Amino acid sequence: MSTINRSRRVAAIGALAALALGATACGSSGGNPLDGGAGASASASAGGSGGSGSTVVVGSANFPENVLLGSIYSQALKAKGVKVQEKFNIGSREVLYGQLQSGNLTVLPEYNGSLLAYLDAKSTAVTTQDVNAALTKTLPAPLGILDSSPAEDKDSLSVTQETADKDNLKSIADLAAKGGEFTIGGPPEFKTRREQQLKDVYGLTFKEWKPTADTTANALKDGSIQVGNVFTTDPKIAQYKLVPLADPKNIFGAQNVTPLVYKAGVDATATAALNAVSAKLDTAGLTALMKRVSVDKEDPSAVAKDWLKSNGLG
């Protein structure tokens, strides 16, 4: 899995520096400390009652998308009469995972591919089914995953709508005929990590590689690059009408939003509520929600409430 952008976006903490991950994952607006040994807030050490009583403690990492997902989970549970405590903006996976394993947290919004890479860096699973099967075998007994949503926050090769229409581009494979004319942009590490893989798997070569980092979507819009490594829940995909190309050979593996739970703390009612969220949440919908949070600066709790209501879950 690729984790080119997330670790770069979040400050590392000295106390956990030795634990920094080599696992990869994609990130969106605000970065994703779940995948990069990112800094944790002081609240990470606070205890909770999840797994030891009737209260379900919903946690989140300290970036906007994960807080939004935590709020969706929390409000969906409350709508079913579950007593909930919220502990958002905690920090990195190192802290979050330990808190869940101890039962201080009960539910976390996770990304299945990133979680598997954290637990088993040598795993080669790429599809949602294979990643989840591997997770089920790898997770310690107290923990489990519920249903994965179709929603993913992952790497993409994206182009503008104009380029897609002009060159009839629908998948990464379609770039083979045009790549030699195109400049590709992405985080600085993208060329090192992906150039040979794109050549081997899709037969792609590009005219030039540019390190565009956080400005990749803007560079696509202004035409300084023709292909960009944009993460799939980046609100600029919708804002700039970019087209993430299909990846039929799964060069970018699964990164489905998936509830990770302390099993003793979730009953059938809570499980059903969280699975119902997963059934409704897709990448396009999550991208639209993230635009409201990251671009329009709306309150994540209010955005979550609207989404749940519109999907009959709140």
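Helices (H or I, at least four residues) and strands (E, at least two) are DSSP runs, numbered from the N terminus. This is a predicted model: local features need pLDDT of at least 70, side-chain atom pairs count only at pLDDT 80 or more, and totals for chains, interfaces and linings use all residues. Residue numbers start from 1 along each chain as its sequence is written, and side-chain values use heavy atoms, without hydrogens and water.

**View A. Aspartate 222 in helix α8.** Aspartate 222 is exposed, at a relative accessible area of 55%. Exposed means over 50%, buried under 20%, and partly exposed in between (1.4 Å probe, protein chains only). The aspartate 222 side chain makes a polar contact of 2.8 Å with that of serine 224. A polar contact is a pair of N or O atoms within 3.5 Å; within protein, one must be able to donate a hydrogen and the other to accept it, and residues adjacent in sequence count only if both atoms are side-chain atoms. Threonine 160 lies 62 residues from aspartate 222 in sequence, and their C-alpha atoms are 9.9 Å apart.

**View B. Threonine 212 in the loop between β7 (208–211) and α8 (216–222).** Threonine 212 is buried, with a relative accessible area of 9%. Its side chain joins that of threonine 216 in a polar contact of 2.7 Å. Leaving aside neighbours within four places in sequence, threonine 212 is in contact (heavy atoms within 4.5 Å) with Gly185, Gly186, Ala219 and Ile225.

**View C. The aromatic pair of phenylalanine 190 and tryptophan 209.** The whole structure has four aromatic pairs. Rings of Phe, Tyr and Trp (its six-membered ring) pair if their centres lie within 6.5 Å; planes under 30 degrees apart count as stacked, over 60 as edge-to-face and the rest as tilted. Phenylalanine 190 and tryptophan 209 form a tilted pair, 5.8 Å centre to centre with 40° between the planes. Phenylalanine 190 sits in helix α7 (residues 188–202) and tryptophan 209 in strand β7, so the pair ties together parts 19 residues apart in sequence. Both residues are buried. Ring pairs also link Phe190, Phe206 and Trp209 into a cluster.

**View D. The lining of the largest cavity.** A cavity is a set of points, on a 1 Å grid over the protein atoms alone, where a 1.4 Å probe fits but cannot get out; lining residues have an atom within 4 Å of a point. The largest cavity holds about 30 Å³ of space. Its lining residues are Ala76, Lys80, Ala273, Ala276 and Leu313.

Terms used
1 Å grid on protein atoms, 1.4 Å probe; cavity = no way out; pocket = protein on both sides within 12 Å on 5 of 7 lines; lining within 4 Å. Points joined across faces, edges and corners; volume = space filled by probe spheres on them.
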